[in-house]
There are 2 protein chains.
Amino acid sequence: MLTVYAPCLNHRLTPQIKDASLAMLCDSGTMNGSATFLAEAQALLGPRGVTLDGELMAPWLTDWRGRYTGRALALASPASTEELSALVRLCALHRVPIVPQGGNSGMSGGATPDASGQAILLSLRRMNAIRAVDADARQATCEAGVVLQTLHEAAGNQGLRFPLTLGGKGSATVGGLISTNAGGTQVLRHGSMRALVLGLEAVLADGSVFSALTPLKKDNRGFDLKQLLIGSEGTLGIVTAATLRLIPAVAGRSVIWAGVPSLQTARALLLHCEDIAGNALEGFEILPGDCLGTVLDYLPGARPPLAGRHEWHALIEVVADAADAELLGERAEALLAAALERGLVEDATIAASEAQAEAFWLLRESISAAERARGPAMQHDISVPIERMPDFVDTAKARIEEDWPGTEAIAYGHLGDGNVHLHVLAPPGSERAAWEAGDGKAISRQVHELVTAWGGSISAEHGIGQLKVDELARLADPVQLAMMRAVKRALDPAGLLNPGKLVTLAPPEGTA
Amino acid sequence: MLTVYAPCLNHRLTPQIKDASLAMLCDSGTMNGSATFLAEAQALLGPRGVTLDGELMAPWLTDWRGRYTGRALALASPASTEELSALVRLCALHRVPIVPQGGNSGMSGGATPDASGQAILLSLRRMNAIRAVDADARQATCEAGVVLQTLHEAAGNQGLRFPLTLGGKGSATVGGLISTNAGGTQVLRHGSMRALVLGLEAVLADGSVFSALTPLKKDNRGFDLKQLLIGSEGTLGIVTAATLRLIPAVAGRSVIWAGVPSLQTARALLLHCEDIAGNALEGFEILPGDCLGTVLDYLPGARPPLAGRHEWHALIEVVADAADAELLGERAEALLAAALERGLVEDATIAASEAQAEAFWLLRESISAAERARGPAMQHDISVPIERMPDFVDTAKARIEEDWPGTEAIAYGHLGDGNVHLHVLAPPGSERAAWEAGDGKAISRQVHELVTAWGGSISAEHGIGQLKVDELARLADPVQLAMMRAVKRALDPAGLLNPGKLVTLAPPEGTA
């Protein structure tokens, strides 16, 4: 039987009901469906576990980029998987939607509730224990609320590392990273979050616990449910813990900044680096020459790595473990010498110190903020097959700038993964809100259509959330969309898990 | 709405109706539901595409190990994805179950129909084109019927290789390997089939085509439907083509045979090899001393690699690409010298030639046949967390041999993957059929219970098929089983795709 999400709460408790204790609600005769639910939730989770305080809730009701603001019935913060399981059962009973949230650092509004105020906002941040770090087996078992930076430190203390990092590492949580299959700058060698999860625990829509934390390298007992949950943005289950892969700490790195004449040459340089450095190649990022200028203007005291001007720049990182560390410098020089000889780079430099290596990476990491400071813009996190990326970027930039006079399109990012961030800047003097809602939106639609026509993805690493839910419904392969909806209906028939995100259920058959 | 598989064909055409043309069926007045279906199927696929000839069907109606024999309405062999799509739509219309089959070399009866004769046997073997090998992008796009050996050769011709191999490589097909998430002896470094599929095409239960052959390294547009289909044993969709990962050809290998005193030491040796050889470690197989004796007795002219007797043996393969090939011998010797110094091996030898390397591997590959030649036995393809494997094997062997006097339990295989094949030999003089159906079955149940208690899998690489479908239903985590059933119902509501395999649907609510 299909049951589509149908709100059944008539009474809406809003953040404005500040400090309204449940006792007061009961005394004043307002006890009804929501109040019963909230009283039962508070009984389950205790006073720290459920809050109706608008001030406490407010920071979590707007996404960090300020694009979405929602309302919630309450903020629930369970302390354990058992508490969460009981809470979800209660939500299922009362048909209360649940919006899970980790560090609230997502890029697509996937953790922000809608404006109805009918859902509970579910914080996993209290569940923040690192249950174990097993240096011998090279794995760590973490609860969902563990912050990425904390995991990095715990692994580092054992001479190991967790090979995924991104700008929001100080707030992003393990649960959020898994639910969104997060990427970053080390995907080239180590894969995205999907590749690093060895075991998983999650609470499903009926409150049952999917429990598969024990890693098995080989297990052919049926469907890959773990991978189905990873990247499902909380719409199929709520990640509560995971066993993650660790690898030996890096003993040294060589960071190269190279100037190249075209993206096609950058791609040839990437293949050259893959052939010579193999698994030691850990990063390959690209940025256009103009974009470097923008970053240099934006960052106080920043200096250009190379003397001359180049159409494109590549930032390359090669790493070594303890056994190979002493050969690293020599190898990086040989790699670069061969690239110069083959005409793959116009000029290049190797960071002479760790400080300089960090300065190079700071240039890369500041692109987003520097470009945003120039004015209103639409950003697109897209991928196409790696070998087609150079031609795609050239084509898309020309098409957008021609069709929308005054705009400027800039592509930068993870060329090694076939994933760039395509930033389209509004014509000078555009008014932000009007441009974003008008031309900006039309430009995004055009970018997404182009990407789709080139066999690519409208979301390479940032997910769908609420930002791209309509675009996914518009542009996804109808067969795949139907499969996703069927799976969503099967595992969350009442539509209570993160409604309105990723995939929305079509109306049931027989209705309009 | 849930619809559980309900056969609606009253008339059963069996293999015995040899050469019965549909015209004859029509003329003789026997045209009914099945005949209509068959006439329409033949119109869609042409005479080569549908056969009712019992002799042509017979070889494919029994699995290669001779454990299962079924019957089929017809053997359908579509020539293209389009033909298969139309056929599946027709099957959905007529409610005809479909049993997909690749090379018929599976280990669990997953490609053999049941005895009812109501299903069509679907051969993918005519769809055997290698559509493209892209040496630059290191990938090959193959149709489902491509034989593994053929893929190996096509990759080899381009200086590349497909890094998955197994005993049945001369008959196993790409589609079957994907549907069963096949393993083999190279999983340690390269992962099982799941890790090697970059893009996938499959026909779903309603005949629609899941089309995702174009590889994208990063794609966060929702649920991982590709991984959901891989390893689903044809119960969620029928794999028709895939884009597979290729890697550079191996320029050299060093094969080591080592004698070790215990499995615990073998595990320490494995860690030692991983630390020193890193990604160059491509195989780590173990076999007990007695088992080597059995193989030497079985293989004419075979010689023991080492002079003395050892409780356990490890077969280790270290590989090198072109850049490292010349250092390979030196590195293998250093690895072994350090292992001897640390007391991790009692004795060891490095194959002096490629012929000797192959002779070492032949010993490993002959275990299964040699053990089977000793008499009736139950085999178990199991995994537990790698670090627990040594203690598990010791415990399970002692328990089984104590509880079932006269039996002998032998574990061998992929220690590096936490996956061994546990072979339990019947007491001397046991009558095969009676022992297998009686004590043998009880022993298997006990082995599966032990594995489950140790956090392991009752099927590490051979899949569930029909062989373990009852054991999975008995021992799987009920939450995961319920999820699998929900997903199966969602994607194949009529239960027509490979019924009776992997996961069977519970009776619908409200019925007995």
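The structure is a predicted model, in which local features need pLDDT of at least 70 and side-chain atom pairs count only at pLDDT 80 or more, while totals for chains, interfaces and linings use all residues. Residues are numbered from 1 along each chain as its sequence is written, chains are lettered from A and ligands numbered from 1 in the order in which they are written, and side-chain values use heavy atoms, with hydrogens and water left out.

Chain B contains an open sheet of 5 strands in the order β5-β6-β10-β8-β9, with antiparallel pairing. Helices (H or I, at least four residues) and strands (E, at least two) are DSSP runs numbered from the N terminus, and two strands pair if DSSP finds at least two bridges between them. The edges of the sheet are formed by β5 (130-134) and β9 (209-212) of chain B, each of which pairs on one side only. On average, neighbouring strands are turned by 15° against each other, direction ignored. Strand β8 (residues 197-204) of chain B is joined to β9(B) by 4 bridges, and the two run antiparallel. Within this pair, Leu200(B) stands opposite Ala212(B) of β9(B).

Two helices lie across strands of this sheet. Helix α4 (residues 81-94) of chain B lies across β5, β8, β9 and β10 (237-245) of chain B, at about 40° to β8(B). Helix α17 (residues 478-491) of chain A lies across β8 and β9 of chain B and runs at about 110° to β9(B). Contact here means heavy atoms within 4.5 Å; axes are lines fitted to C-alpha atoms, for helices over the stretch in contact, and angles run from 0 to 180 degrees between N-to-C directions.

Over all chains, 4 aromatic pairs are found. Rings of Phe, Tyr and Trp (its six-membered ring) pair if their centres lie within 6.5 Å, and planes under 30 degrees apart count as stacked, over 60 as edge-to-face and the rest as tilted. Trp257(B) and Phe360(B) form an edge-to-face pair, 5.7 Å centre to centre with 65° between the planes. Because Trp257(B) lies in strand β12 (residues 252-260) and Phe360(B) in helix α12 (residues 354-365) of chain B, the pair ties together parts that are 103 residues apart in sequence. Both Trp257(B) and Phe360(B) are buried, a term that means under 20% relative accessible area, with exposed over 50% and partly exposed in between (1.4 Å probe, protein chains only).
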